[in-house]
Amino acid sequence: MFKIHKRITLATVLMLSTTSIAFSQTKKAVYLDKNAPIETRVKDLLGRMTLEEKAGQLNQINYGMFTGPDNKVDGEQKKLDLVRQGKIGSFLNTLGVVKIKKVQQIAVEQSRLKIPLLFGFDVIHGYRTLFPIPLAEACSWDMEQVFQNSRIAAKESAASGLNWAFAPMCDVSNDPRWGRVMEGAGEDPYYGSVIAAARVKGFQGNLDGVFDILACVKHFAVYGAVEAGREYNNVDVSRVAFYNKYLPPYTAAIKSGAATVMTSFNVFDGVPASGNSFLLTDILQNRLGFKGFVVSDWNAFAEMIAHGYAEDKKDAVYKALKAGSMMDMESRTAIAFLPELVKEGKLTEAEVDKAVGAILYYKFKLGLFENPYKFLDEKREKENVFNAENRKVAREAAKKSILLLKNNNEVLPLKNPNQKIALIGFYANSKPDMVDMWKASADAHDCLTIHEGLKKQFSNITFVDGYKQDNSTSPELINQAVKNAENAEVVIINIGITGNLSGEDKSLADIAIAQGQVELLKALKKTGKPIITLVSSGRPMILNEVQGLSDALVQCWVLGTETGNAVAEVLSGKYNPSAKTVMSFPYSLGQIPVYYNHFNTGRPAGEPNAKEKPTDFYSRFHDIPNEPFYPFGYGLSYTTFNYSNLKTSAPVMDEKGSLSVSVDLQNSGKYDGEEVVQLYIQDVTASIVRPVKELKAFKKLLLKTGEKTTVEFKITPNDLSFFDQNGNSILEKGKFKVYVGGNSRDVLAALFELK
Ligand code: NOJ
C-alpha cells in the first residue's frame, strides 16, 4: 500500500494559522532570518505580499529563446520591468552567468520584497556536454552511469547560473512514432521507475550544494499515450493502465524527492492535465504526498481554451489553480487575472498562498534568499562547463548505450586497425545532424562525428556520402558508394534520420528507413563485401529490410558529444557492447503499438516456439508475426551467455515471506563481457488480467570468458501486487510464473505459488 508522508505540509501550516497574517513592512522580516524554519519564513513572506506580487510568483516567462505567445509585446526592457515590479517568479531559457546575474540582481536589489528568481531550462541530456539521449542512456541498464550523467548535466547547468532542470521525463510510451520517446526510458514502468529515481538524485543531490538544482518530473500525466504517436494528441487510457503502467515512474521520481512536477498538454478522462483535479490533487498531493510545486507546460493554462475546457484565460487560470496547478509557464494568465479572481471570491487567498508558498519554499530551500548569486560564479562556470572530465563520462555513457542487434559471422569487432574500410553515409560526417532539438546549450560543432571517431582508431578509411541530407540518393551517389565499397575489405554504412527529428513536435507517421538509404544498401550488398550498418535515430525504426541487407547491425541512437569515440570503441572491440533495448522495435508500421508487457487476450497466439498453436480465429496478423522485430531487453555482445538451472528456493511463498530465484550464467564466448540478467513475473490468474510478463528485477554483471556464476534475485510480495481500478494495491494468492533471461523473449521459466 502507499505510504503517505507524515511530514506536516506547508498547506497544513498555512491552514492551521487562524490569526490574520497581515504583517506590516516595519515588522521584523522573519523571512530574511536564515535560522528560522522554512515554513515560518514562507508564512512571514506571504503575509507581506500583495495579491499582485503573489500572482507574480506564479508567473514564469521565457527570456532568451524561441518566441513566446506574447514575446513580441514584451521586449527585454518590459521583462526586466516586470521583475522590478515583482511580477515574475521565474524565467525559462535565460542562459549563462552574466545574463542571469543581471536579471537576478534586479529581482533582489530593485524589487520591493527582494524575492530571488528561479531559472529553468530543458536540460534533457546534458547542458553543454551532451550525453546520449535518455532513451539510449536507459539502454545501458547502468544506474550509476545514469546518475552520473544527470549529475554532470546538473553541474554544468548550475555552473551556468540555472537552478532548475525540466527533467526527467517519466512518460512511459509504446509508440516510436512519437518524437518524444527519445526523452524517456522506454516501455516498462518498473524500469522507468528505477531510471527516474537515479535521474532525480543526479539533478538534485541533497539540494544544498552549488551543483544541486531542482528536478522537474514531467509530463504529468500519461503524455506518452498520445494517440497514433501524434504530438499533443488525445490520450485515452483506463484507470488500470493509469495506476499500473503510467503512474509508477512519476511516483518513483516524487518519492526520490523531486521538487517540481510539470503538467502535460493532454487530457486525462476528458479534462486537460493542467485543470485536472484528479491528477493534481487526488493523485499528486493526496495519494503521492507531493510537497513541491507544480508548473504548467508551455502555455498549457491558456491551451485549455482550445481544448474546449476553459472559456477564456481568466477561466483557464481559475480552473488550473482550483485543480492544483501552481506556476503558469508562458500563458500569463495568473499575472493577468489572479487578483481579480480573489477579489471576486472565486479563489480564496488560502488557495493562492498554497501555490505561492510551495514555490517560495524551494527558493528558501535552495538558499537563494541568503545568497541569490549562489549559482552565479563566472570562474565556476568556466571550470565546470564542457571540460575533459565531463566529456570522459559522456564517452563512457555513449559506448554503454550502443546496441548491437545483429553480428553474423562475427564481422564485428574489426580487429585490424589497418583494415581497408569504406565508410558511407552522409550522417557519419555531418555534425548538424548529430544533435536533437533538446541539444540544450551544446554546439553541434563540438560533437565528434562517426567519421572523426573511426579515423582515430582505423588508419585506412575512405568516406563518401551515399545519400543526401534529406535521405534521398542518386545514381551518381550510389556509384561512388559502390566504388568505395569495391576498393575496401569491409563497408560501414551509417543510415537513419537526422538527430533533429527527435524530441518535441517530431512525430513521424512513417518510421521505416528511407527508400534512398535502402536502395543504397541494396547496391552495396551486391558488392559481396561485409556490411556493418549503423543506425542513427532517436527512436526505434523499422529495421526489417535493413537487417536482411546487413551482416552486422548497430543501433547508435543519438549519442551526443562523444558519438565518434564511442562508436569507434565499440566497432574496434575496445568496448564490448552491453546495451539492451528498453523499447521494442516494431516489425512493421501496422504493428505499432507493440510492447512486451501486453495482455494475453482470450485467443492468444501462443509462444512463438510453442508445440501446439491455434489454427484459426486467434489474435494475429495474417501478414506479419505478433512479436516485435527486436523485443524489449534485447541486445547482443561480442561474447555469448548461457543461462541454465533456473530455481526457486521453494515452490510456495507466503504473503509475508519472500522467495529466492537463482540462475546459472556462463560467459560461453570468446570475449569478456557484460550481461543484463532480467527477471520477469507473470500473475497467471488474477481479478484483473495481468501482462504476460512484467520486469521486476535485473542485474548487470561482467563475466570473463568461460566464467560461470550463479545470479540470485529475491521476490517479495510487493513484486506480485498490482493496482485495481481505484488504485488500491492488491495481492492475490495463486500461481505465478517467473522468467529469467537476457531479454524479454528468450527466457527460462519456473512456477511457484503464493499461499
Ligand atoms: C514544452 C515541453 O513539452 C516541455 O517538456 C518543456 O519543458 C517546456 N516546453 C519548456 O521548454
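**Close-up views of the predicted model**

View 1. Glu410 has a relative accessible area of 42% and is partly exposed. Here buried means under 20% relative accessible area, exposed over 50% and partly exposed in between, with a 1.4 Å probe and protein chains only. The model is predicted: local features need pLDDT of at least 70, side-chain atom pairs count only at pLDDT 80 or more, and totals for chains, interfaces and linings use all residues. Residues are numbered from 1 along each chain as its sequence is written, and side-chain values use heavy atoms, without hydrogens and water. Most residues other than glycine have a negative phi, and most peptide bonds are trans. The Leu412 to Pro413 bond is cis, with omega near 0°. Helices (H or I, at least four residues) and strands (E, at least two) are DSSP runs, numbered from the N terminus.

**View 2. Ser331 and Arg332 lie in the loop between S10 and H13.** The loop runs between strand S10 (328-329) and helix H13 (333-343). Ser331 is buried at 0% relative accessible area. Its side chain makes a 2.8 Å polar contact with that of Asp328. A polar contact is a pair of N or O atoms within 3.5 Å; within protein, one must be able to donate a hydrogen and the other to accept it, and residues adjacent in sequence count only if both atoms are side-chain atoms. Leaving out residues up to four places away in sequence, Ser331 touches Asn299, Phe301, Ala302 and Lys313. Contact means heavy atoms within 4.5 Å. Arg332 is also buried, at 9%. Its phi is positive, near 55°.

View 3. Residues around the ligand include Phe166, Arg180, His219 and Trp298.

**View 4. Phe242 belongs to the largest nonpolar core.** The core has 186 residues; Phe220, Phe242, Phe293 and Leu524 touch the most other members. Helix H14 (residues 349-365) gives the most, with 9 residues. Such a core joins buried Ala, Val, Leu, Ile, Met, Phe, Trp, Tyr and Cys residues through side-chain atoms within 4.5 Å.

Technical notes. A residue is near a molecule or strand if one of its heavy atoms lies within 4 Å of it.
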